[in-house]
Protein chains: 2
Amino acid sequence: MTGDAQISRLKPGRRTDIRRENERAILEAAEKVFAEAGFGGATMQLIADMAGLPKANLHYYFATKEDLYRRVVSRIFEIWLDAASSFDDAPGPVEGIGAYIDAKMDISRTHPHGSKVWASEVMHGAPVIQDYLETTLRAWTEGRITVIQRWIDEEKMQPVNPRHLLYMLWATTQHYADFGHQIQTLNGGKPLSDKQWREAKASVKEMVLRGIGAI
Amino acid sequence: MTGDAQISRLKPGRRTDIRRENERAILEAAEKVFAEAGFGGATMQLIADMAGLPKANLHYYFATKEDLYRRVVSRIFEIWLDAASSFDDAPGPVEGIGAYIDAKMDISRTHPHGSKVWASEVMHGAPVIQDYLETTLRAWTEGRITVIQRWIDEEKMQPVNPRHLLYMLWATTQHYADFGHQIQTLNGGKPLSDKQWREAKASVKEMVLRGIGAI
DNA sequence: TCATTTCCTGACCGTATGGTCAAGGTGAAG
DNA sequence: CTTCACCTTGACCATACGGTCAGGAAATGA
């Protein structure tokens with residue numbers, strides 16, 4: 001098996017570019033369609049149209065609708081995990097949780113579709129990503145609870161239940177993506193402006209940090 | 001047309017009971033199926049099976065899938081509006097917002113399916129209940145903002161942005177229904193116990209009320 | 001008993017969907 | 001140029017879906 005090492009070591013040529021570009025376009029279209037119609041309501045034809053490809057071409061890159069969906073869901077999960085690094089190298093809750101709120105609010109603005117797909121997946125009982133919940137998410141959660149508990153022990157914040165604090169952080173930040181349409185309607189039908197997003201982030205941070213006694 | 005007044009004044013007999021009971025069973029089954037599969041993923045056959053009726057019978061009581069869905073969505077909205085009365089006859093934020101959180105958390109526990117259907121509907125752009133958002137919900141929101149602003153003016157709480165406070169209340173309380181599966185997974189696969197629900201309610205109330213400077 | 005209204009349901013239909021396939025196109029390597 | 005791996009796609013298929021309908025059952029009132 002000495003040849004294995006070079007299997008995917010073709011120098012990046014047009015072929016590779018085509019594949020990468022098409023997969024990217026399909027995933028982007030799929031994320032939007034799955035978010036707007038749900039898994040059951042989404043059709044491969046619609047995704048194909050939005051990606052500008054014939055439907056049969058989708059099945060060349062992604063064997064089934066489920067495969068495509070799985071890739072979309074995994075993506076937002078990884079983005080969120082990256083954002084979670086804000087939490088780690090922080091001396092206290094003001095910096096750590098503040099940065100985490102900032103990061104999650106930014107993602108809610110830049111990746112609203114992914115957030116909705118994740119929400120939909122969990123609401124339907126997580127048929128596809130149950131293993132993520134039980135392994136990666138659970139481990140991440142326990143780790144963060146430890147950090148929060150340490151801050152409590154160091155009297156950098158009030159002794160709140162860390163678990164419910166995390167739920168509040170997830171709920172509040174993701175609400176701006178998942179319920180973006182409702183928020184937009186209550187904003188006179190217009191999307192939040194840059195200024196309004198800053199106001200939202202500041203409000204959330206202020207209420208949460210005061211709520212846990214960190215400020 | 002003098003007879004019109006008595007059209008629906010038949011004394012409650014078996015006929016009426018049959019209709020009422022079947023509609024109830026169908027709506028209950030539909031709420032569960034729509035919540036677990038989304039509108040697109042739900043099938044009339046599945047709803048019929050769960051209600052214990054032949055599919056054709058569903059179409060006798062509800063003309064189309066959309067009609068049935070509309071009824072399910074309206075129901076949770078009315079339940080939430082009822083709960084909102086907690087807000088009104090309260091002297092200050094501790095009582096008003098405290099009772100509102102209690103009420104919404106109770107609904108998240110007793111009507112998780114309805115909450116999910118609402119969330120799904122809004123995430124998909126509110127194709128069916130857009131008018132509710134623009135009329136009833138907007139009016140309700142403005143009213144509550146006025147109440148909160150009065151409390152701020154009376155220095156019963158910190159001057160937070162009332163709108164984002166409402167979003168936080170909605171997000172946090174509904175999270176326990178919409179993401180109930182995720183919470184259950186992080187709870188070792190077991191649903192929250194009575195004690196854990198009390199803990200959740202207490203945590204949310206404590207963090208929110210301290211967050212707005214009401215305690 | 002008879003007439004009338006309401007309720008029930010198996011069988012059926014047109015359509016749309018996920019997925020398949022065979023035939024052909026295309027660019028890079030030798 | 002030839003070869004070969006990769007890419008493209010129109011046409012097609014089986015299935016499942018929402019919805020219809022005709023005919024019968026059951027309850028009600030006279």
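**Protein and DNA in a predicted model**

Let me start with Lys65(B): a polar backbone atom of this residue is 2.7 Å from a phosphate oxygen of DNA strand D. I call that a polar contact, meaning a pair of N or O atoms within 3.5 Å; within protein, one must be able to donate a hydrogen and the other to accept it, and residues adjacent in sequence count only if both atoms are side-chain atoms.

Before going on, some housekeeping. This is a predicted model, in which local features need pLDDT of at least 70 and side-chain atom pairs count only at pLDDT 80 or more, while totals for chains, interfaces and linings use all residues. Residues are numbered from 1 along each chain as its sequence is written, chains are lettered from A and ligands numbered from 1 in the order in which they are written, and side-chain values use heavy atoms, with hydrogens and water left out.

The side chain of Lys55(B) has an N or O atom 2.7 Å from a base oxygen of DNA strand D. From the other chain, Asn57(A) places a polar side-chain atom 3.4 Å from a phosphate oxygen of DNA strand D. Helices here are DSSP runs of H or I with at least four residues, strands are runs of E with at least two, and both are numbered from the N terminus.

Around DNA strand D there are 20 residues, and Pro54(A), Tyr60(A), Tyr61(A), Lys55(B) and Lys65(B) come nearest. Of the atoms of DNA strand D that come within 4 Å of the protein, sugar and phosphate account for 55%. "Near" means that one of the heavy atoms of a residue lies within 4 Å of the molecule or strand. By class, the surface near DNA strand D has eight nonpolar, five polar and seven charged residues. For the classes, Ala, Val, Leu, Ile, Met, Phe, Trp, Tyr, Cys and Pro count as nonpolar, Asp, Glu, Lys and Arg as charged, and the others, Gly among them, as polar.

Of the 20 residues around DNA strand C, the nearest are Lys55(A), Lys65(A), Arg19(B), Tyr60(B) and Tyr61(B). Sugar and phosphate make up 59% of the atoms of DNA strand C that come within 4 Å of the protein. Two or more residues of the surface near DNA strand C come from each of α1 (14-41), α3 (55-61) and α4 (65-83) of chain A and α1 (14-41) and α3 (55-61) of chain B. That surface divides into eight nonpolar, five polar and seven charged residues.

How are the two protein chains related? Chain B can be laid on chain A by a turn of 180° and a shift of 0.0 Å along the axis, with an RMSD of 0.0 Å. That is the relation of a two-fold axis. The superposition is by least squares on the C-alpha atoms of residues with pLDDT of at least 70 in both copies. In chain B, Gly211(B) comes closest to the rotation axis, with its C-alpha at 1.7 Å.

Chain A has eleven helices and zero strands. Its C-alpha trace spans about 60 × 55 × 35 Å along its principal axes. Of its 215 residues, 49% are buried, where buried means under 20% relative accessible area, exposed over 50% and partly exposed in between, with a 1.4 Å probe and protein chains only.

Last, two backbone details in chain B. Most residues other than glycine have a negative phi. Ala126(B), however, has a positive phi near 50°; this residue is in the loop between α7 (112-123) and α8 and is buried, with a relative accessible area of 1%. Glu155(B) also has a positive phi, near 60°. Is Glu155(B) buried or exposed? Glu155(B) is exposed, at 72% relative accessible area, and sits in the loop between α8 and α9 (162-178).
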